[in-house]
Amino acid sequence: IDATEGHDDEDQMYEGEYQGIPHPDEVKAAQRAARAKARQDQAGATELEELAEQYEDIMEDCGHGRFQWSLFIVLGLALMADGVECFVVGFVLPSAEKDMCLSNGEKGMLGLIVFLGMMVGAFIWGGMADKLGRRKCLIWALTINCVFAFLSSFAQGYGFFLFFRLISGIGIGGSVPIVYSYFSEFLQMDKRGEHLSWLCMFWMVGGIYASFTAWGIIPHYGWGFSMGTEFQFHSWRVFVLVCALPAITSLVGLMFMPESPRFLLENAKHDEAWMILKNVHDTNWRAKGQPEKVFQVTHIKAPKTQEDEFIEIQSATGTAMQRWAVRTLTLCKLDAKILYFNVVYCGPITLIPSYFSYYGLGVWFPDMIKYLQQEEYESKVKVFHRERVERFHFNFSLENQIHREGEYINDKFINIQMKSVKFEDSLFEDCYFEDIESTETIFENCTIRSTVFYNTDLYEERFIDCRLENTTFLHNKKGCHLDIDEENDVLIYLVSFLGSLAVLPGNIISALFMEKIGRVKIIGLSMLISAGCTFFLFLSFSQAAIIAWQCLFCGVSVAAWNGIEVITVELYPASKRATAFGVLNALCKLAAILGTSIFASFVGVTKVVPILLSCTALVCGGLVALKLPETREKILQ
């Protein structure tokens with residue numbers, strides 16, 4: 001009989017023993033003993049530091065297994081919902097602008113409102129998660145996101161749609177600061193950097209999901225319904241509903257997940273924390289085939305935070321109002337320190353280079369491609385000069401044409417589409433227009449006599465400096481219409497899909513090397529290489545070249561994002577971790593707003609300014625990143 005039968009692999013003789021290689025358990029025991037000795041030698045160790053040491057020992061005993069992977073999926077879906085939220089408005093805007101008759105200013109506001117909501121949400125939810133709990137606040141945040149995303153899909157007016165997307169953004173804004181803080185507190189030190197990096201991959205999955213579903217749903221204009229002329233539910237609204245599925249799924253999963261035991265310990269809920277840690281331990285070892293392994297922790301330290309100790313000194317004297325003022329002042333000072341550190345250190349690293357460049361170029365890349373397409377389209381324009389058309393029935397669509405000094409006498413334009421058509425200095429006499437749908441079609445300095453426009457979208461605003469004599473407009477089309485051929489260009493979805501997919505190599509590399517070479521080097525090298533990618537955009541003169549450099553930039557820059565998110569989690573104590581992450585993320589969303597606004601203004605004007613701005617910011621950020629403290633072997637405080 002095999003002597004090892006019925007035993008787990010870990011019970012078998014360690015094959016590296018013959019080579020003098022210590023068993024991983026022996027390495028962990030040695031590390032734990034070294035930490036204990038260092039703690040004894042350090043007479044000034046605080047209770048919080050002792051708790052951090054003990055908590056790390058407990059997480060090592062619990063191991064990494066089924067529980068962490070279950071939580072990984074649930075929190076990953078919440079992070080995926082954040083990624084989807086960043087793409088939703090961009091995909092629906094071409095259809096929504098026609099469906100709701102949006103002006104350029106309204107489109108711009110709708111594009112920015114999501115980031116504004118996410119900025120506010122990150123700031124609010126980060127602070128609340130440190131006061132009320134990670135799980136509870138994440139459930140509330142995702143619930144708000146789901147409810148208002150659902151309402152926005154049915155909103156018919158611009159004002160309601162804008163408001164619902166703002167509140168939806170505030171809800172999902174809490175996902176990033178809470179998710180990373182929450183998950184990190186279930187990870188042991190040697191697993192933290194790698195698995196937080198793997199978690200970042202779900203943001204990429206969100207971009208792919210949004211791109212794929214947009215391409216599969218929005219072009220199908222018939223996937224909707226209407227109730228008269230006042231309520232229209234087109235395919236882009238179906239897409240908005242589908243985009244809420246990751247948040248809904250994560251919300252359901254969170255119902256079966258416990259609160260962070262580290263948060264509970266910080267708030268003196270030791271019995272509840274002990275039960276959760278025991279459940280994590282038993283779940284993992286049961287899945288590994290060792291259900292008999294016993295959770296041996298019987299007592300967990302109960303430290304007092306520094307601000308509570310300070311407040312207790314004041315509690316013996318003074319009135320209740322004075323004690324409240326002391327506590328408020330103390331907490332404000334602590335939050336101010338967090339904000340100061342974010343601005344001085346993390347700000348130049350993430351706020352300017354990462355988010356400013358990523359989102360700025362994220363707008364610039366597709367807009368530049370559209371600009372190149374438009375240039376190519378306009379180069380193929382057909383010009384008709386001094387044509388005379390009499391008693392003719394136009395029953396075919398007109399596209400990309402300019403008609404100058406033409407004469408149209410007793411002609412009929414019935415049931416056709418006009419796309420990018422311009423009539424200049426022309427005469428229309430005794431003509432009849434019926435069932436016309438138009439895009440970018442205008443009449444300039446024309447004379448129109450005894451002509452009828454029936455059931456068309458050729459409003460009087462389309463006639464610039466024209467003389468209208470005995471001209472009638474009957475039953476004009478109300479509202480706006482969707483131009484299916486134009487607005488559902490597959491390139492819109494393809495560019496976003498490729499940009500999201502290109503993040504995969506950067507995610508894999510950063511996850512594999514985060515523990516090997518450290519967070520600081522990952523951040524610095526990634527930013528400097530990203531700067532090189534943006535510089536080579538000077539040599540890009542075609543759509544294919546721009547798409548290729550976009551993919552390379554996205555793939556490299558994501559490693560910096562991962563490193564920044566890991567190091568942010570590790571730099572702050574548990575009592576302020578989500579708050580710090582929330583403040584940082586709010587500043588990053590502000591940078592995204594600035595980046596998208598600034599870069600979009602240079603499309604079609606010059607590519608020198610966006611490239612130099614991005615390149616300079618990334619180089620400066622990469623150099624400053626090297627000054628950050630390395631947290632690779634730092635116990636989570």
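A residue is called buried when its relative accessible area is under 20%, exposed when that area is over 50%, and partly exposed in between, as judged with a 1.4 Å probe on protein chains only. The model shown is predicted, and for this reason local features need pLDDT of at least 70 and side-chain atom pairs count only at pLDDT 80 or more, while totals for chains, interfaces and linings use all residues. Residues are numbered from 1 along each chain as its sequence is written, and side-chain values use heavy atoms, with hydrogens and water left out.

View 1. Helices (H or I, at least four residues) and strands (E, at least two) are DSSP runs, numbered from the N terminus. Of the 637 residues in the chain, 51% count as buried. Contact means heavy atoms within 4.5 Å, and among the contacts in the chain with a separation of 6 or more, 65% come from residues 24 or more positions apart.

**View 2. Arg237 in helix α9.** Helix α9 spans residues 235-242 and is mostly covered, with 6 of its 8 residues buried; these are Ser235, Trp236, Arg237, Phe239, Val240 and Val242. Arg237 counts as buried because its relative accessibility is 1%. A polar atom of the Arg237 side chain lies 2.6 Å from the backbone oxygen of Ala155.

**View 3. An open sheet of 5 strands with parallel pairing.** The strands follow the order β4-β7-β9-β12-β15, and the edge strands, β4 (388-390) and β15, each pair on one side only. Two strands pair if DSSP finds at least two bridges between them; strand β9 (residues 427-429) and strand β12 (residues 447-449), which run parallel, are joined by 3 bridges. Leu427 stands opposite Thr447 in β12.

**View 4. Thr471 in the loop between β15 and β16.** This loop lies between β15 (467-469) and β16 (472-474). The side chain of Thr471 reaches the backbone oxygen of Ile448 at 3.1 Å. Apart from neighbours within four places in sequence, the residues in contact with Thr471 are Ile448, Arg449, Ser450, Thr451 and Phe453.

**View 5. The crossing of helices α17 and α18.** The axes of α17 (residues 503-517) and α18 (residues 519-535) come within 7 Å and cross at roughly 125°, which means that α17 is oblique to α18. Axes are lines fitted to C-alpha atoms, for helices over the stretch in contact, and angles run from 0 to 180 degrees between N-to-C directions; angles under 35 degrees count as roughly parallel, over 145 as roughly antiparallel, 65 to 115 as roughly perpendicular and the rest as oblique. The contact is made by Ser510, Phe513, Met514, Glu515 and Ile517 of α17 together with Arg519, Lys521 and Ile522 of α18.

Notes: Polar contact = N/O pair within 3.5 Å; in protein donor to acceptor, adjacent residues only side chain to side chain.
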